[in-house]
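Let's take a walk through it, one part at a time.

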Amino acid sequence: MPILPILHYPDERLHTIAKPVSVVDNAIRQLVADMAETMYAAPGIGLAATQVDVHLCVIVMDISETHDQLLALINPVILKAEGEAVRDEGCLSVPGIYEPVTRAARITVKYLDLEGKEVIQTADGLIGVCIQHEMDHLEGKVFVEYLSRLKQGRIKLKMKKRARETM
Ligand code: NI
């Protein structure tokens, strides 16, 4: 299984809106496997297909310390969002940047699992935030876009500098 290259902010492709998956078939399961391997290798706790330049509504996540609780969400939709919580977020597409973001404290999300079966799940804490963060990617949004323009400008400069240094 290959490790896929991750797009880095401010790459324009991160603003692509993902299309829903029509059938959960072996190609989608392979994409999930490759995305999981990419996420674990990074290492990270969540990855949206958008970040590996595949514009389909697919997310992988694993917030466990043992890295054996892989969660794949296909075509996720938020049915209910309640409350407010602030948490520091980071992103594999914006390496080295951690900033607080306000999101819903608790969400109910509907998605398809790897067998194409519909799942409805309520999530709060880290997993709830992670789902909201990854779902933003599918809509072409990166978490730094919640920050002030000034902060976004500084982060862009930092990312450009970093890209030059790693070339
Ligand atoms: Ni991210």
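In a metal site, donors are N, O and S atoms within 2.8 Å of the metal (3.2 Å for Na, K and Ca), and since water is not among the atoms, sites may look incomplete. What we have here is a predicted model, in which local features need pLDDT of at least 70 and side-chain atom pairs count only at pLDDT 80 or more, while totals for chains, interfaces and linings use all residues. Residues are numbered from 1 along each chain as its sequence is written, and side-chain values use heavy atoms, with hydrogens and water left out.

**The metal site**

Which residues coordinate the nickel ion? Three names come up: Cys91 through SG, His133 through NE2 and His137 through NE2, at 2.1 to 2.2 Å. Along the sequence, the donor residues follow the spacing C-x41-H-x3-H. Cys91 sits in the loop between β4 (85–89) and β5 (99–103) and His133 in helix α2, so this pair ties together parts that are 42 residues apart in sequence. Those element names come from DSSP runs, numbered from the N terminus: helices are H or I runs of at least four residues, strands are E runs of at least two. Are Cys91 and His133 buried or exposed? Both are buried, where buried means under 20% relative accessible area, exposed means over 50%, and partly exposed is in between (1.4 Å probe, protein chains only).

**Inside the protein**

In soluble globular proteins, nonpolar side chains tend to be buried together. A nonpolar core, as the term is used here, is a set of buried Ala, Val, Leu, Ile, Met, Phe, Trp, Tyr and Cys residues joined through side-chain atoms within 4.5 Å. The largest one has 16 residues, and Ile59, Met61, Leu73, Ile107, Val109, Ile131 and Leu138 touch the most other members. At least two residues of this core come from each of β2, β3, β6 (106–112) and α2 (125–138). The biggest giver is α2, with four residues.

Take Ile131 as an example: leaving aside neighbours within four places in sequence, Ile131 is in contact (heavy atoms within 4.5 Å) with Met61, Leu73, Ile107, Val109 and Ala123. There is also a second, separate core of 15 residues, and Ile28, Leu47, Val52 and Val58 are among them.

**Charged partners**

Side chains of opposite charge can pair when their charged atoms come close. A salt bridge here is a side-chain nitrogen of Lys or Arg within 4 Å of a carboxyl oxygen of Asp or Glu.

| Pair | N to O distance |
|---|---|
| Glu99 and Lys151 | 2.9 Å |
| Arg106 and Asp124 | 3.5 Å |
| Lys161 and Glu165 | 3.7 Å |

Glu99 is buried, at 16% relative accessible area, whereas Lys151 is partly exposed at 33%.

Arg106 is in strand β6 and Asp124 in strand β7 (residues 118–124), so that pair ties together parts 18 residues apart in sequence. Arg106 is partly exposed at 38%, and Asp124 is partly exposed at 41%.

Lys161 and Glu165 both belong to helix α3, four residues apart, which is about one turn of the helix. Glu165 is exposed, with a relative accessible area of 58%, while Lys161 is partly exposed at 46%.

There is a network of salt bridges, too, linking Asp11, Arg13 and Asp53.

Most residues other than glycine have a negative phi, and most peptide bonds are trans. Asp53 has a positive phi near 65 degrees; you'll find Asp53 in the loop between β1 and β2. Asn75, in strand β3, also has a positive phi, of about 50 degrees, although Asn75 is not a glycine.

Where are the cis peptide bonds? One runs from Tyr9 to Pro10, with omega near 5 degrees, and Pro10 is in the segment before α1 (26–41). Another joins Ala42 and Pro43, with omega about -10 degrees; Pro43 lies in the loop between α1 and β1 (46–48).
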